[in-house]
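Visitor: Please show me the fold. I would like to walk through its sheets, turns and pockets.

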Amino acid sequence: MNTELNAEAPAALECAGLRKSFAQGSAREVRAVDDLSLTVRSGETVALLGPSGCGKTTTLRLIAGFEWPDRGRVVIAGREVVGAGVFLPPERRRVGMVFQDYALFPHLTVADNVAYGLEHSTVGRWTPALRRPLAALRGRFRFGGAATTAIDARVREALELVALPHVAGRFPHELSGGEAQRVALARALAPGPALLLLDEPFSNLDAPLRASVRGEVREILRRASTASIFVTHDQEEAFAIADRVAVQLRGRIEQVGSPSEIYHRPATRGVAAFVGEADFLPGTLTSDGVETEIGRIPVAGDSGAAAGSVDVMLRPERVQLAAADATGPGHGRAVVERREFYGHDQLVTLRLDSGARIRARLGPDADFPPGRRASVFATGAGIVYPPLSGAQGPALGE
């Protein structure tokens, strides 16, 4: 994450009012992208986070030029590429793309894969952070026995950026999954794009490899200083890599903010339910907080909600347990229904005496097996939302 990102940096991407619908059947249309607006600043990495089918990949394809929008405007590095009477093809947008399956050409070496497309690009058009003296590279490296050219030097520079200059002569089938992912990234960065797009970049990697590779990608994006958007349904990936996260639900961007803002202050109930683990407990909002079955819970910030019936959102780490005979001004009573032990912590599902269910995330040594009664209380502040119409108690995790 680029913690030194300048909030006043110029916009590398501006999307306004993007809309895209697809026909489904003979008479029905599905709106995949619905009046979407998003700004990405120069040097910034933004995660487009949402569930499958919410329009993330369609949004990326509209920005890249692979789809025509029904309406809306796209500006990349100050140049309108989509607008009234304007539609620039992908090759004229200065956009780099890393596909989900990497799309490396199996019959080309790594160096030739990275060089693909450079022949018709402006070789001198680098971002400042990537530019190095080409004269220092010319004559030192050779690819395929040919004399080093400006394109060869660019290939070498891109492979150095991803720490893979030693695999230049290999073919894609000779690479590990992590190496293939970084080669695809080098190929996308080689022409010096104004904007980099990554579509589920870690989905083809085994789980143990994802954490290390996403750390490498985060560092590469930081060094490249190229504005980037990456699509993911995995909030852990989004929070670990992005400067800001844009949560997309049902085709719309519902909230854009830092990972901490998205997690701790979700703007809508939908964002709260999708990001992290969240349970909703009914209560009554007063000037002193929310009165609930497990006691009074303070409200984070100015909720803007009117006094009366509300639902308060609780993260499991804010719910604590004590012995069943423990007493306190803010304790409720519950029975442990299920315990999921993960080693470093455990997730306990509770049924309150009212029948409502909430979860508590406890340390590994806490001893609350299924069937045991416990005293329940909350720590910290909660976020309140209007109750769902006709709701019969809270939905566990919604």
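**The six-stranded sheet**

Guide: This is a predicted model. Six strands make an open sheet with mixed pairing, in the order β7-β8-β9-β3-β10-β11.

Visitor: Which strands stand at the edges of this sheet, each with a single partner strand?
Guide: An edge strand has one partner strand, so one of its sides is left without a neighbour in the sheet. The strands in that position are β7 (95–98) and β11.

Visitor: What does the twist average from one strand to the next?
Guide: The twist is taken from strand to strand across the sheet. Its average is 20 degrees.

Visitor: In which sense do β8 and β9 pair, parallel or antiparallel?
Guide: β8 covers residues 195–199 and β9 covers residues 227–232. Five bridges join them. The sense is parallel.

Visitor: Which strands of the sheet does helix α1 touch?
Guide: Helix α1 spans residues 56–64 and packs on this sheet. Its direction makes about 150 degrees with that of β8. The strands it touches are β3 (45–49), β7, β8, β9 and β10.

Visitor: What angle does the direction of helix α5 make with that of β7?
Guide: Helix α5, residues 177–189, also packs on the sheet. It touches β7 and β8. With β7 the angle is about 170 degrees.

Visitor: How many bridges pair β10 with β11?
Guide: β10 runs over residues 244–249, and β11 over residues 252–257. The pairing is antiparallel. Q248 has I253 of β11 as its bridge partner. The number of bridges is five.

Visitor: Which residue in the turn between β10 and β11 has a positive phi?
Guide: The hairpin leaves two residues between its strands.

Visitor: Is R250 buried or exposed?
Guide: R250 sits in the loop between β10 and β11. Its phi is positive although R250 is not a glycine. Most residues other than glycine have a negative phi. The relative accessible area of R250 is 62%, and the cut-off for exposed is over 50%, so R250 is exposed.

Visitor: Which residue of the β17 and β18 hairpin takes a positive phi?
Guide: β17 (residues 332–341) pairs with β18 (residues 346–352) in the antiparallel sense over seven bridges. R339 bridges to V348 in β18. Four residues lie between the strands. The one with phi near 95 degrees is G343.

Visitor: What is the bridge partner of G332 in β20?
Guide: β17 also pairs with β20, residues 373–378. That pairing is antiparallel over four bridges. The partner of G332 is V376.

**The five-stranded sheet**

Visitor: What is the strand order in the open sheet of five strands?
Guide: The pairing here is antiparallel. The edge strands, which pair on one side only, are β2 (28–41) and β6 (86–87). The order is β2-β1-β4-β5-β6.

Visitor: Which residue of β6 is the bridge partner of G83?
Guide: β5, residues 79–83, pairs with β6 in the antiparallel sense. Two bridges join these strands. The partner of G83 is V86.

Visitor: At what angle does α1 run to β1?
Guide: α1 lies across β1 (11–24), β2 and β4 (71–76). Its angle to β1 is about 120 degrees.

**A loop and a pocket**

Visitor: How does A163 count by relative accessibility?
Guide: A163 lies in the loop between α4 (150–161) and α5. Its phi is positive, about 60 degrees, although A163 is not a glycine. The relative accessibility of A163 is 44%, between the cut-offs of 20% and 50%, so A163 counts as partly exposed.

Visitor: How many charged residues are in the lining of the second largest pocket?
Guide: This pocket has a volume of about 350 Å³. Its lining residues include E236, E277, E317, D345 and R361. By class, three lining residues are nonpolar and three are polar. The charged ones number five.

**The whole protein**

Visitor: What percentage of the residues count as buried?
Guide: The secondary structure comes to nine helices and 21 strands. Among contacts between residues at least 6 apart in sequence, 69% join residues at least 24 apart. The protein has 398 residues, and the share that count as buried is 49%.

Conventions. Residues numbered from 1 in each chain as written. Predicted model: local features only at pLDDT ≥ 70, side-chain atom pairs only at ≥ 80, totals over all residues. Heavy atoms only, no water. Pairing = 2+ DSSP bridges. Axes fitted to C-alpha atoms, helices over the stretch in contact; angles between N-to-C directions. Contact = heavy atoms within 4.5 Å. 1 Å grid on protein atoms, 1.4 Å probe; cavity = no way out; pocket = protein on both sides within 12 Å on 5 of 7 lines; lining within 4 Å. Points joined across faces, edges and corners; volume = space filled by probe spheres on them. Nonpolar A, V, L, I, M, F, W, Y, C, P; charged D, E, K, R; others polar. Buried < 20%, exposed > 50% of the residue type's maximum accessible area, 1.4 Å probe, protein only.
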